[in-house]
Amino acid sequence: MAATQQVVFSDKEKSNSEFFIYIHPEIYTQWKTDKSIPITRVVQAFNIYITRNGSSTGVAETPSNQELENVFGTSNDTAVVEHILNHGTVKGNSGIQNLGEDFNRSRGKGGIPEVTNNMY
């Protein structure tokens, strides 16, 4: 489960900031149709982040309890994470999609060549 994505939520009427969490995309897709899957399996951690410039590409910080109260009506982490999962949008890449032959072999895709002339 190395792939990660963000679920981003913003309510422009209440705040110019974006709130986001990191998820496991495969489990999130299953969770959307099967709510019996625990949220703890969907998210990587119960860490909520905020970007104050209204873009998920800004500096990520931890929001204050007051900011969570203003936007979500609660500062309860579980309730906020569930709200973001239900009403947010998925952003980000879920990992390398194509490991074709054009992949840079010097960066580790290829195997170690056999040594045909032992000099040791």
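Modeller: Let us take strand pairing. In this predicted model, E1 and E2 pair in the antiparallel sense, and the pairing extends over five bridges.

Colleague: Which residue in E2 is the bridge partner of Val8?

Modeller: Phe20 is the partner of Val8 there. E1 also pairs with E4, again in the antiparallel sense, over three bridges. In that pairing, Gln6 stands opposite Lys91 of E4.

Colleague: How many residues of strand E1 are buried?

Modeller: Burial is read from relative accessible area, with buried meaning under 20%. In E1, which spans residues 5–9, five of the five residues are buried, and the strand is described as mostly covered.

Colleague: Which residues of E1 lie on each side?

Modeller: Gln5, Val7 and Phe9 lie on one side, with Gln6 and Val8 on the other.

Colleague: Let us turn to charged side chains. How many salt bridges does the count come to?

Modeller: The rule looks for a side-chain nitrogen of Lys or Arg within 4 Å of a carboxyl oxygen of Asp or Glu. By this rule the count comes to one. The pair consists of Lys91 and Glu18, at 3.9 Å from N to O. It links distant parts of the chain, for Lys91 belongs to strand E4 (residues 89–91) and Glu18 to strand E2 (residues 18–23), 73 residues apart.

Colleague: Is Glu18 buried or exposed?

Modeller: Glu18 is buried, because its relative accessible area is 8%, under the 20% limit. Lys91 has a relative accessible area of 32%, so Lys91 is classed as partly exposed.

Colleague: Which residues does Asn86 touch, not counting residues up to four places away in sequence?

Modeller: Asn86 touches Trp31, Lys32 and Lys35. With Lys35 there is a polar contact as well, between the two side chains, at 3.1 Å.

Colleague: What distance separates the C-alpha atoms of Asn86 and Val7?

Modeller: These C-alpha atoms are separated by 9.4 Å, while the two residues are 79 residues apart along the chain.

Conventions. Residues are numbered from 1 along each chain as its sequence is written. This is a predicted model: local features need pLDDT of at least 70, side-chain atom pairs count only at pLDDT 80 or more; totals for chains, interfaces and linings use all residues. Side-chain values use heavy atoms; hydrogens and water are left out. Contact means heavy atoms within 4.5 Å. A polar contact is a pair of N or O atoms within 3.5 Å; within protein, one must be able to donate a hydrogen and the other to accept it, and residues adjacent in sequence count only if both atoms are side-chain atoms. Helices (H or I, at least four residues) and strands (E, at least two) are DSSP runs, numbered from the N terminus. Buried means under 20% relative accessible area, exposed over 50%, partly exposed in between (1.4 Å probe, protein chains only). Two strands pair if DSSP finds at least two bridges between them.
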